[in-house]
Amino acid sequence: MRKRRRSETGPKIGLLLIGLYFLVPLVSTGAFSFWEGGNRYGLRAYIALVHEQQLWQSLGLSLRLAIETILVGLVILVPAVFWMNLRVQRLRALFDFVSVLPFVVPPIALVAGLTALYRGPSWFVGTANYLVVPYVILALPYTYRALEVGMRALDLRTLTEAAQSVGAGWLSIMFRVIVPNLSTALIGAALLTIAIVMGEFTFANILLFNTFAVYINYIGQTAATEAAALTLLSFLITWLAMLGVLLTGRGQVQIGGAR
Amino acid sequence: MGYLEVEGVAKSFGPVKVLSDVSLALEEGEFVSLLGPSGCGKTTLLRIVAGFEEPDRGTVRLAGTEITAEPPAKRQMGMVFQAYSLFPNMTAEENIRFGLKVRRVDANEQAERARELLELVGLTQHRGKYPHQLSGGQQQRVALARALAIRPLALLLDEPLSALDAKVRVQLREEIRRIQQETKVTTIFVTHDQEEALSISDRVVVMHQGQLSQVGTPAAIYGEPDNIFVARFVGAVAELPAEVVDGREGIVALFGRKVRAARAQGMAAGTRIYFLLRPETVRVGPEGANGGLDGTVAGRTFFGALTSLRIELADGHGSVTAAMPSDKASELAQGTRVSVSWADDAPRILRRE
């Protein structure tokens, strides 16, 4: 009996400690965001933020970049992963390897390479759109993994051949058969990309674009309580994205798929 | 000239030769089964006909047109696969309409055709269900309807029943035959199950090591095998080594005694042969009965109406299987000494190399 009790309380204490480790900084940040000096607490920081034009601009920019990153990433990766799974499975190891490269190459090295290497039209290199290039690379491991899992769950060869046998061309196969059956994977990949792009600091800061993360950093240096409020806001965005990933992943069983 | 013709087709995957010089012609409306063990090349041959594999040599012709280089989507052939192949994001009806939709057939016509086909495969009340809400048998019926929706010039079935349980398999194979006869669509059916092939085909093609071993009606394949592979693969058979003694009279020497075998007539004396006995042609009598081979009942397998007896021949001459009504077989317990015999025209005779 004694032994059993100990085995139950041990993990509970562990979980509690881990929970505290995550919660204490958040709660403190939250409390600080309401501080108005002295003993006064209120919503002043939040109200100030809402009226801050630059916040909305940077948030809008980051969301736009997230959407562009999702589109570019999926347009490149969906056909590539489809083709690899269908025709050249021997390249799987290479795909896996390439997909984890962004973990190995530090962003600072990547951004140095980008500034040195790229020459291009000013609408691209001269604007924030340029950030989509490193962001696609940054999101690659997550997008690739989500698509790979989604496609492996489908019997791609049989579905493709079944569609071909009744007369479907590649476009029909892609948009009527493959993509609709990957909806869970696609939503997962998109939400993970949003979470990454919303929080990305290094590239944007060095390339001098005022994205959401750069703005948080700037506010942190100029208005401390507003920075705390903003940090919580960015956490909220990331959490919502993660919650979305969890919920769509769970829905998979009910939506149905290849058995 | 046939309606669907394969001529001189060869195919290798790397160093492995899968098909060598295969030629086959189907008449319009014919139901032909490709039967053979795993790795004999039957599925590869079907995939070449469908356009999913390209032959190294040879041609495929359909309705007088060569289609060897046509992509699968252009061949107007419906196919049902071994694995469940319905599109998971579409209902049964949407699956059936898919081929018409990509061909931009008028929506009313699509609906009408889907209704006809759902009725044909008996799934009208399941039209709105998704694949995961259907049983395996129902899924394969929808797959069949989807293949037929485009009014294919030929229907290709790649072991469509092998994932189903025994009872559904028998039901569905009969249904496939009925539907094929109603629609009169030229059909190739790939299977490794001889009972399936024999029960529903107009003709059966037995394949072995990338070649056609024998092509014929089910009765001919079973009753008159051309070679020892077909004899062994289709149905059970006892192979007894023998030698022709008198080709004019049809007398052969079997384990040192002379027996009559009508089918040995015309063969040269001294020809080494296999003396083949199908279980249902073997008669079992009391030991020492006139002219029979003596043996002992060594094993029994009960199949319901029939029981199969394995009879070990005396002097280590091998064994013979006899199939008999179960009530009769019940009198012959394991270890009973018996004598086996047969009608003169029962044994099939094949040359032995």
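**Exercise 1. Determine in which hand H2(B) passes H3(B), and describe how the two helices pack.**

Solution. The crossing of H2(B) over H3(B) is right-handed, where a crossing counts as right-handed if the near helix is turned clockwise from the far one by less than a right angle, and as left-handed if anticlockwise. This is a predicted model, in which local features need pLDDT of at least 70 and side-chain atom pairs count only at pLDDT 80 or more, whereas totals for chains, interfaces and linings use all residues. Residues are numbered from 1 along each chain as its sequence is written, and chains are lettered from A and ligands numbered from 1 in the order in which they are written.

Next, take the geometry: two packed helices are described by the angle between their axes and the distance between the axes. Helix H2 (residues 92-102) and helix H3 (residues 107-120) of chain B pack at about 130°, their axes lying 9 Å apart; helices here are DSSP runs of H or I with at least four residues, strands are runs of E with at least two, and both are numbered from the N terminus. Axes are lines fitted to C-alpha atoms, for helices over the stretch in contact, and angles run from 0 to 180 degrees between N-to-C directions. H2(B) and H3(B) are therefore oblique to each other, given that angles under 35 degrees count as roughly parallel, over 145 as roughly antiparallel, 65 to 115 as roughly perpendicular and the rest as oblique.

Finally, identify the contact, which requires C-beta atoms, placed from the backbone, within 7 Å. Glu93(B), Ile96(B), Arg97(B), Leu100(B) and Lys101(B) of H2(B) meet Gln110(B), Arg113(B), Ala114(B), Leu117(B) and Leu118(B) of H3(B).

**Exercise 2. Follow S17(B) to its pairing with S18(B).**

Solution. S17(B) pairs with strand S18 (residues 319-325) of chain B, again in the antiparallel sense and over 7 bridges. Here Ile311(B) has Val320(B) in S18(B) as its bridge partner. This hairpin has 5 residues between the strands, and Asp315(B) takes a positive phi near 60°.

Note on methods:
Pairing = 2+ DSSP bridges. Contact = placed C-beta atoms within 7 Å.
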